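My notes follow in the order of looking.

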Amino acid sequence: MRVNRLYGPNEQWLRGAAFAGAFQGGCWPEKTSAFRISRWETAIVRVPYLAVRRYEELLQLPANSLVALLDVIYRYSATAICSAPLLDREIREGDPRRLTRLEELVEAARSDDLLAGSDWDELTTYLAVAPRQMITPRSAWTDIAERLLAEMIVADGVAWMQRYEALNRLLAHPVAQQHAVAACASLAGDRTNQVFVETVSALDASPHPDASRHVLDQLVQPTNDRAQYGALLACVRKLRYGHFSESQLRRLVPIVNELALDPARYEDAQPLAAELLRRLPSDVSASAKARLRHVVTGDPTLSQVLAAGRLAAAEAGQVLIARLANTTTATMPCDGRVFHDELLPVLLDEMLFSPVFDVRLYAAILLFGTPYRRPLAAALALELGSHAATFNVDVTHAMIEALRILGDEEQRPIIERLSTAEGVPPSITVAATQAIGHIGGRSEDRYWRAALNHHAHLWQETRKKTNAWALSGLIYGLGLAHHATLLRSVCDNDQAPAMTRAAASWWLNLPRVVHQSAKR
């Protein structure tokens, strides 16, 4: 919030007193002070919901852009799971307007009406403030959960943040949680589904025993590699919240240990498994940790994960972090706006060196919501173009993931190149093909056809998982863009791999209301 104020387009907000003087108005009904602004911006006190909305108004930011960001950050870092949003909307259970609006939203969610992210925010907030709220028929809970999940897995940006937070509220709701868990489990078990990581990892938001059971099932007998990775990711928060019983923890140790030793697993599953083993209680995992340390002695990445929970040594990362931070801040306005931002290097460190994808994701999301976004994306692309060969592969992978959130049309060409480049590590190829659907801008049809043909040809020749995952990522990108013409051409191509045609068909067969709502 402070970075947005100081580096925003309006110079008069440099002075906290001027900003405070203008704060009353719009959605904010009362006067405030520079002291209060400072306490919000330094997190001494939690900023109220309407104050965040007022920041959006005064700083000319899109409505709910800061709200959605804070919702997901608060949710992931919360010390306990609860259904209500931690950014309190100050809606009370007895408000008669709530019941009328709730009925309207429930009917809309069960119909073919289009719903925006703000509608899901409102609906799940109303449900959260009245945890024993009855909805009839009972099947409405299932309908709501299934539609919300369907929209979430095909949404992007702020629209995704709003739906992800809304699903988390249902997964923690005393009545809705069983329906939401069942929706995730059902979709995760559907082999025709094309989005598995989010579907399974979302189960970390529910304390219900069924959620833990489904996560363990996907670790032992996964639907596919992506579902297994999603289960591994879910274990991070489920461990933190104590969702697993002692017997489940003991069952988890050998599974995680095996995944940490297998380099052929999906993407960065190996370092994630090593980090998870590091976090497991010592009384159940001591011998497994000792064995793993002995086995990975020659692997610098896994050794660092086990020792310090990092993808690379802190000393090795400091130079890169300092270079990115200095390059980014050097492009900020220098007419008295400069301040020493102690948080920027911390976020860069988390974004590039945490072995947990979610930690990297939320650090990137926080930076996405600031004026740092564009210069940082340019600096990351420059690093990838000039220094990639000297980086740890996992850190290079993390940089590509960061561009998936921060990047725009200017960075799209380097991701396109990496998606089909010869001689790059498999994880870099996969990361680039998965990033292409999220990064800003649009790729020409010529690129899509060439990339699809490139990986389809290699798949037919070698049957390597890398090319199968790359094809999945490319079709995912076309699906997010709703590029129906190219998706149909893939479906109609008898020479294309069957799995690729099936993936394209899945995207084409998404209900219109799901795809159109997910963009709102």
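I looked up the second largest pocket and noted a volume of about 970 Å³. A pocket here is an open set of points on a 1 Å grid over the protein atoms alone, where a 1.4 Å probe fits, with protein on both sides within 12 Å along at least five of seven lines. The volume is the space filled by probe spheres set on the points, which are joined across faces, edges and corners.

The model is predicted, so I kept its limits in mind: local features need pLDDT of at least 70, side-chain atom pairs count only at pLDDT 80 or more, and totals for chains, interfaces and linings use all residues. Residues are numbered from 1 along each chain as its sequence is written, and side-chain values use heavy atoms, with hydrogens and water left out.

I then listed the lining of this pocket (residues with an atom within 4 Å of a point). It has 35 residues, and those closest to the centre are Met1, Glu41, Leu343, Leu347 and Leu366. Two or more lining residues come from each of α1 (2-6), α3 (34-41), α5 (65-77), α19 (343-353) and α20 (357-368). Helices are DSSP runs (H or I, at least four residues), numbered from the N terminus. The largest share, 7 residues, is from α5. By class I noted 23 nonpolar, 6 polar and 6 charged residues in the lining. Nonpolar covers Ala, Val, Leu, Ile, Met, Phe, Trp, Tyr, Cys and Pro; charged covers Asp, Glu, Lys and Arg; the others, Gly among them, are polar.

I checked helix α25 (residues 445-462) against helix α26 (residues 465-480): their axes come within 9 Å and cross at roughly 155°. Axes are lines fitted to C-alpha atoms, for helices over the stretch in contact, and angles run from 0 to 180 degrees between N-to-C directions. The two helices are therefore roughly antiparallel (under 35 degrees is roughly parallel, over 145 roughly antiparallel, 65 to 115 roughly perpendicular, the rest oblique). The crossing of α25 and α26 is left-handed (the near helix is turned anticlockwise from the far one by less than a right angle; clockwise would be right-handed).

I followed α26 on to helix α27 (residues 484-492), where the axes come within 8 Å and cross at roughly 140°. This pair is therefore oblique, and the crossing is left-handed. Ile475, Leu478 and Gly479 of α26 make the contact with Leu486, Leu487 and Val490 of α27. I counted them by class as 5 nonpolar, 1 polar and no charged.

Helix α15 (residues 269-279) packs with helix α17 (residues 300-308) at an angle of about 25°, the axes being 8 Å apart. That makes α15 roughly parallel to α17. Their crossing is right-handed. Gln270, Pro271, Ala274, Glu275 and Arg278 of α15 meet Leu302, Val305, Leu306 and Ala308 of α17. The classes are 6 nonpolar, 1 polar and 2 charged.

I found a cis peptide bond from Thr136 to Pro137, with omega near -5°. Pro137 sits in the loop between α7 (117-129) and α8 (139-152). Gln60, not a glycine, has a positive phi of about 60°. Gln60 lies in the loop between α4 (49-58) and α5.

Definitions and conventions: Contact = heavy atoms within 4.5 Å.
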